[in-house]
Amino acid sequence: MTSRRRFLTQSAAASTGVFYIAKTSWAQKSPGDTINMAVIGFGGRGSAHISGYKGLKNEGVKVAALCDVDSGVLGKHVQAFDKEGQKVLAYADMRRLFENKDIDAVSIATPNHWHSLASIWAMQAGKDVYVEKPVSHCVWEGRQMVNAARKYGRMVQTGTQARSSRKGIGAAVEWVRQGNLGKIQLARGLCYKRRNSIGKAEGEQKIPDTIEYDLWCGPGPKGALTRKRLHYDWHWTWAYGNGDLGNQGIHQMDIARWFLGEMELAPSVWSVGGRLGYEDDGETANTQVIYHGYEKAPLIFEVRGLPESKDGKDMDKYKGAGVGVIVECEGGTVVVSSYSSATAYDKAGKEVRKFEGSEDHFKNFINACRSRRVDDLHADILEGHLSSALCHTGNISHRLGQKESPEMILEQIKADGFAAETFERMREHLARNEVDVSKDKLTLGPVLRMNGATERFTDNDSANAMLKDRYREPYVVPEIS
Ligand SMILES: NC(=O)c1ccc[n+]([C@@H]2O[C@H](COP(=O)([O-])OP(=O)(O)OC[C@H]3O[C@@H](n4cnc5c(N)ncnc54)[C@H](O)[C@@H]3O)[C@@H](O)[C@H]2O)c1
């Protein structure tokens, strides 16, 4: 029999296309009340969400529900709760979870193409949201999430946990802003992280029996599975992932933008790179430089998925960081090589200041759920949107690019000393990996001009068309104004 609520859901969805359900009522909560959390998607990262909230038991947090479209993954975690003597509700379809008005907040660690729709649906159901980075799969989605958070009065925390390093990275940001090292000349993000070939599948792959594939694909395209592993390797496909720039890289993109204090997308962006060193089913670049032309100081981002040399085990480091951020200032340099600390050096390379310390990012989210103050969030959705979008615009330039000889690339970028130097190091790194960029050419993307106020490119229709995905009914991300 169709319940009244189910009937309302179905009829409202049918008539308006809007997902409607009974709302969680935060207004009825007292400060000491239990917060019932649900975790959505826990193939990899979501497991850390589950343990993170379990660890907040003394803060009045309860993991009350779990949702994953893979019954194997779901079953394993439900059993673990059983063993600990706790009953947890289990869902495959997040829409059913959102109907449960006893759930106060959700924590989303699905693949990227689901982040925006899942978050907006949750907010429409009156729930606060912790959503993994990148918060969106394309630029437009992120802005709808910001609009939804404000419109529905929800707390939305981005999973960029380095933002909870207030005494470490945050203190360094403040110190630099006070002018202690003079003006910033360049913020450089680094993602030197080994990414091996994902292999080549022969023909269409069987969808594992445990997975509800329609729900897994959701707002993304539902095509044949053409990579060996359904889980995780979606990161390297454009349909569902955003490459390492939008995977590991978004953390460092965010820290670099934090130092710059920029609250709009950069007025210009271009990319150079490629997927080099092996041939596999992945599509995204494993080697890439992205140049964001902010007026005060540029933000340059470097992705390296290949090791320091062919058959080498180690990854490169630049000024002491492999996955990190280097902020070049008139009077010295700040190096951020972890999620919880930063070190400042003078021009002579002498350490002048060390900043250390980090708080629990999940706990910060819970605190903000209780205080109902957006300012209490360490990584409000607006910050998450902007930093995610900086990855997307870099990838748009890459995807619109053409293969060029190294001489031609250098010719086009040499007027900018930072860009030319970064490109030379990229070339040298590829040479150590026996990639000859004269033969395996790099893709140089166009310089795209952005209107930060409208978040649209000013001079490129093809690029504008890539700001928003095409959604598959009924998984359509709504426009929120
Ligand atoms: N903050 C961090 O440090 C950090 C670290 C790793 C990953 N991440 C992010 O976490 C997210 C997940 O990454 P991962 O590596 O764990 O991916 P994964 O593919 O290993 O796991 C994703 C899980 O989500 C499930 N899922 C897919 N669609 C779903 C849906 N509609 N409803 C419920 N469950 C669904 C899958 O079945 C799978 O179990 C990504 O966005 C990634 O960028 C963040």
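Among contacts in the chain between residues at least 6 apart in sequence, what percentage join residues at least 24 apart? The share comes to 72%, where two residues count as in contact if their C-beta atoms, placed from the backbone, lie within 7 Å. This is a predicted model, in which local features need pLDDT of at least 70 and side-chain atom pairs count only at pLDDT 80 or more, while totals for chains, interfaces and linings use all residues. Residues are numbered from 1 along each chain as its sequence is written.

To start with the overall build, the secondary structure of the chain comes to 14 helices and 18 strands; these are DSSP runs numbered from the N terminus, with helices being H or I over at least four residues and strands being E over at least two. The radius of gyration is 23 Å, close to the 23 Å that the globule rule gives for 481 residues, so the chain is as compact as a globular protein of that length. That radius is taken over C-alpha atoms, and the rule is 2.2 Å times the number of residues to the power 0.38. Along its principal axes, the C-alpha trace spans about 70 × 55 × 45 Å. Of the 481 residues, 48% count as buried. Here a residue is buried if 20 or more other C-beta atoms lie within 10 Å of its own, exposed if 12 or fewer, and partly exposed in between, with C-beta atoms placed from the backbone.

Next comes the ligand. There are 28 residues around it, and G41, G43, G44, R45 and D70 come nearest; a residue is near a molecule if its C-beta atom, placed from the backbone, lies within 6 Å of it. The elements that give two or more residues to this shell are α2 (45-54) and α8 (213-217). Sorted by class, the shell has 12 nonpolar, 11 polar and five charged residues. In that scheme Ala, Val, Leu, Ile, Met, Phe, Trp, Tyr, Cys and Pro are nonpolar, Asp, Glu, Lys and Arg are charged, and the others, Gly among them, are polar.

Helix α2 also has buried residues, namely G46, H49, I50, G52 and Y53. Seen down the helix axis, they fall within an arc of 165°, so they line one face of α2; the arc is that of the directions from the axis to the C-beta atoms. Their cover includes β1 (35-40), β2 (61-67), α3 (71-83), β4 (105-108) and α10 (361-371).

Most residues other than glycine have a negative phi, and most peptide bonds are trans. The bond from K133 to P134, however, is cis, with omega near -15°, and P134 sits in the loop between β5 (128-131) and α6 (139-152). Another cis bond runs from E473 to P474, with omega near 0°; P474 is in the segment after α14.

As for phi, K319 has a positive value of about 50° although it is not a glycine. K319 belongs to the loop between β10 (299-304) and β11 (323-329) and is partly exposed, with 14 other C-beta atoms within 10 Å. E455 has a positive phi too, near 55°. Its place is in the loop between β17 (448-451) and β18 (456-457), and E455 is partly exposed, with 18 other C-beta atoms within 10 Å.

Finally, S481 lies in the segment after α14 (461-465). S481 counts as exposed because it has 6 C-beta neighbours inside 10 Å. Although S481 and Q124 are 357 residues apart along the chain, their C-alpha atoms are separated by 13 Å.
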